[in-house]
Amino acid sequence: MIPLTLAEVAAATGGRLDGGADPATLVTAAVVDSRLVEPGALFVALPGARVDGHDFAAGAVAAGARAVLAARPVEVPAVLVADPAAALMALAAHVRTLTKATVLAITGSSGKTTTKDLLADLLGSLGPTLAPPGSFNNEIGLPLTLLRLEPDTEYVALEMGARGIGHIAALCQVARPQVGVVINVGSAHVGEYADGRAGIARAKGELAEAATDVVVLNADDPLVAAMRPRATGRRVVTFGVAAGADVRAERIALDGAGRASFDLVTDAERHRVALALVGEHQVGNALAAAAAALAVGMTPAAAVAALAAARPRSRWRMEVTTAPSGLVVVNDAYNANPESMRAALRALVGLGADGDPGRRRTWAVLGPMGELGTAADAEHAELGRFAARLGVDRTVVIGDAARPLARAAAGAGARVDWVVDVDAATELLATAALGGGDVVLVKASRAAGLERVAAALTATGAAGPGAARGNGSTEAAESPEAPGSTEAPGSTEAAEQTP
């Protein structure tokens with residue numbers, strides 16, 4: 001973080017010093033979780049539904065925090081503000097004015113985090129680059145990322161999520177991106193928009209209006225391509241497989257491990273690139289990242305080299321692990337929406353086609369998709385029919401909300417088991433005779449907690465009874481309700497992260 005005095009913090013946030021705070025004291029980091037306090041930090045006390053960061057203020061200072069950004073006196077050095085969350089945004093906006101870094105922001109209904117991770121790898125080969133961990137993409141995560149800016153940072157790769165109109169515009173006022181990338185408009189969070197995907201397109205298009213220099217749009221998505229008029233006065237770069245795209249993919253192929261290769265084509269050059277990421281849908285993510293990097297001066301040859309070297313950065317997103325038994329587990333349990341579910345199922349079937357000497361059996365362990373509103377039952381049912389059409393060998397469906405998926409898949413002739421919860425799924429899988437060459441996809445929205453099933457399968461090759469209780473893992477920075485954390489983690493999937 002660019003060091004700030006408490007006087008500067010107060011000025012940037014409209015706050016006042018309290019609790020004996022020395023205006024000359026320097027803060028060198030900002031955190032919203034008292035477990036993450038380091039010497040010199042500013043602890044931001046955010047109120048939550050079940051815990052309140054103010055209750056952890058004294059502990060944070062004892063652990064090394066220099067002061068607390070708080071809404072009320074906390075009996076330790078503090079900067080008092082009306083709203084700590086709004087003050088966090090204001091502080092990040094101030095820090096953004098202190099840097100000459102080029103900020104690139106990405107939005108879309110699915111693939112934001114993977115695209116952001118790929119872009120961070122590309123930009124990292126150009127100069128010092130800042131990117132958030134995981135899906136820090138909301139009014140908490142984005143300012144926390146910007147507050148990690150250093151004096152020598154040259155590039156920032158951000159992602160922006162939204163649950164409504166105006167959310168991305170507000171994030172852009174803080175981040176002031178020079179380059180904006182819109183990768184797709186799908187059904188994620190569709191239940192939050194009265195007019196469905198049209199509303200999502202309006203929300204995502206706020207980035208096209210806010211980016212100051214370059215707007216990167218998906219030529220293959222009609223709702224994204226239609227955002228071009230919203231980029232008036234800015235350079236527009238398109239990507240996709242469409243013949244007219246500025247940065248496009250040709251001759252796409254998948255290897256036996258489900259990894260894509262393709263020709264990356266621009267007007268003047270053509271280069272072959274092989275990705276280490278699993279799934280054909282990663283081609284679009286790679287194209288978006290490459291188009292953004294090319295827009296800030298990277299050469300196509302350098303972009304191809306960086307893409308080939310890129311490895312997964314964020315957890316539980318198409319993580320492929322081979323268990324000791326030989327079982328292949330695809331952990332894509334971080335989040336789910338209809339588009340990402342279909343992409344993951346295609347990747348599963350592709351992996352199953354590479355059996356040695358023949359085809360592997362494929363298993364899909366699927367939980368509910370959240371925030372689909374009145375479309376939830378229909379979307380789950382369509383996904384069940386889709387899995388059946390693909391020929392997934394066996395589908396395990398978890399939870400009442402996903403029952404339409406199970407019914408539709410069974411009605412279409414698939415072999416389906418429905419279970420009530422994660423524990424029941426682990427018990428079923430423990431007796432399901434999973435073979436050493438089988439491939440299992442585990443995917444649902446975060447609230448379902450299916451990463452616990454994946455962890456158990458990865459460790460043993462079978463999810464034994466009780467494994468879901470004992471083998472879970474968490475991401476402290478993104479998980480609410482731990483000591484000193486709040487109901488406002490850094491991702492738009494906040495509601496899906498509540499235990």
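## Terms and basis

Contact here means that heavy atoms lie within 4.5 Å of each other, and helices (H or I, at least four residues) and strands (E, at least two) are DSSP runs numbered from the N terminus. The model is predicted, so that local features need pLDDT of at least 70 and side-chain atom pairs count only at pLDDT 80 or more, while totals for chains, interfaces and linings use all residues. Residues are numbered from 1 along each chain as its sequence is written, and side-chain values use heavy atoms, with hydrogens and water left out.

## The chain as a whole

The protein chain contains 18 helices and 22 strands. Of its 499 residues, 58% count as buried, a word that stands for under 20% relative accessible area, with exposed meaning over 50% and partly exposed the range in between (1.4 Å probe, protein chains only).

Among contacts between residues at least 6 apart in sequence, 63% join residues at least 24 apart. The accessible surface of the protein chain comes to about 17900 Å², and 53% of that surface belongs to carbon and sulfur atoms; such areas come from the Shrake-Rupley method with a 1.4 Å probe, and for residues only the protein chains shown count as cover.

## A six-stranded open sheet

Six strands form an open sheet in the order β17-β18-β22-β19-β20-β21, with mixed pairing, where two strands pair if DSSP finds at least two bridges between them. Its edge strands are β17 (319–322) and β21 (416–419), each of which pairs on one side only. From one strand to the next, the twist averages 15°, with axes taken as lines fitted to C-alpha atoms (for helices over the stretch in contact) and angles running from 0 to 180 degrees between N-to-C directions.

Strands β19 (residues 362–366) and β20 (residues 394–398) run parallel and are joined by four bridges. Within this pairing, Ala-364 has Thr-395 of β20 as its bridge partner, and Val-365 stands opposite Val-396 in β20. Helix α12 (residues 338–352) packs on the sheet, where it touches β18 (328–331), β19 and β22 (439–443), and its direction makes about 170° with that of β22.

The buried residues of α14 are Pro-404, Leu-405, Ala-406, Ala-408 and Ala-409, and they pack against β19, α13 (376–390), β20 and β21. Just after α14, Gly-413 takes a positive phi of about 95°.

## Ala-295

Ala-295 has its place in helix α10 (residues 282–295), where Ala-295 is buried, with a relative accessible area of 15%. Leaving aside residues up to four places away in sequence, Ala-295 touches Val-214 and Arg-235. Ala-295 and Asp-213 are 82 residues apart in sequence, and their C-alpha atoms are 9.4 Å apart in space.
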